[in-house]
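Subject: Structure handover

Hi,

Here is the structure I promised to pass on. My notes on it follow below.

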Amino acid sequence: MTSIAAATLYVGLFALWMLCLKANVGRVRVREKIAFGDGGNAALQRAIRVQGNAVEDVPVVLAGLIALGVMGAPVLWVHGLGAAFLVGRVLHAVGLSGSAGGSPGRSLGTLLSALVQLGIAGACVWMALSA
């Protein structure tokens, strides 16, 4: 597998993940009978926040993975960063979905996601300056 193929794999996996988060918001809306806004409902607020947090973080990471793929970064870099980010986002979502406050999943997911973003930023700068 090439590095761009690996990056493309993570684009597909994250597209599916984002659909899962969207479906979860819809599921909570139906269960709580709230068609618009959050109705002050804590469960719906958490579901919306989980999706919103992914919307904030996923695009920049995917752009970085694609850039690394285009630059011909080692495929293991792309897989390592992509898989770690996916694990981080799942941990964050599960942790935040289950608790309005802090939780181990949320904390670990946030830390792992931030470390991956830092790794991608560094790798992109390194690859660009080495080209």
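**Overall picture**

Of the 131 residues in the protein chain, 35% are buried. Please bear in mind that this is a predicted model. The chain has 4 helices and 0 strands. Its pattern along the sequence reads α-α-α-α. Along the principal axes, the C-alpha atoms fill a box of roughly 55 × 25 × 20 Å. The accessible surface is about 7,000 Å², and carbon and sulfur atoms account for 73% of that. Take the contacts between residues at least 6 apart in sequence: 68% of them join residues at least 24 apart.

**Nonpolar cores**

In soluble globular proteins, nonpolar side chains tend to be buried together. Here, the largest nonpolar core has 23 residues. Phe-14, Leu-65, Leu-68 and Val-78 have the most contacts inside this core. The elements giving two or more residues to it are α1 (3-32), α2, α3 (75-98) and α4. The largest share comes from α2, with 7 residues.

Leu-65 deserves a look of its own. Leaving aside residues up to four places away in sequence, Leu-65 touches Ala-7, Tyr-10, Val-78, Leu-81, Gly-82 and Ile-120.

**Packing of α2 and α4**

Two packed helices are described by the angle between their axes and the distance between the axes. For α2 and helix α4 (residues 104-130), the angle is about 35 degrees and the axes are 10 Å apart. Their crossing is left-handed. On the α2 side, the residues in contact are Asp-57, Val-60, Val-61, Gly-64, Leu-65, Ala-67 and Leu-68. On the α4 side, they are Gln-117, Ile-120, Ala-123, Cys-124 and Met-127. By class, this contact has 9 nonpolar, 2 polar and 1 charged residues.

**Asn-53**

Where does Asn-53 sit? Its place is in helix α2 (residues 42-70). Is Asn-53 buried or exposed? Asn-53 counts as buried, because its relative accessibility is 15% and the cut-off for buried is under 20%. Which residues does Asn-53 touch, not counting those up to four places away in sequence? They are Arg-89 and His-92.

Best wishes

Technical notes: Residues numbered from 1 in each chain as written. Predicted model: local features only at pLDDT ≥ 70, side-chain atom pairs only at ≥ 80, totals over all residues. Heavy atoms only, no water. Buried < 20%, exposed > 50% of the residue type's maximum accessible area, 1.4 Å probe, protein only. Contact = heavy atoms within 4.5 Å. Axes fitted to C-alpha atoms, helices over the stretch in contact; angles between N-to-C directions. Left-handed = near helix turned anticlockwise from the far one by under 90°. Nonpolar A, V, L, I, M, F, W, Y, C, P; charged D, E, K, R; others polar. Areas by Shrake-Rupley, 256 points an atom, 1.4 Å probe, with all protein chains shown as cover. Core = buried A, V, L, I, M, F, W, Y, C linked by side-chain atoms within 4.5 Å.
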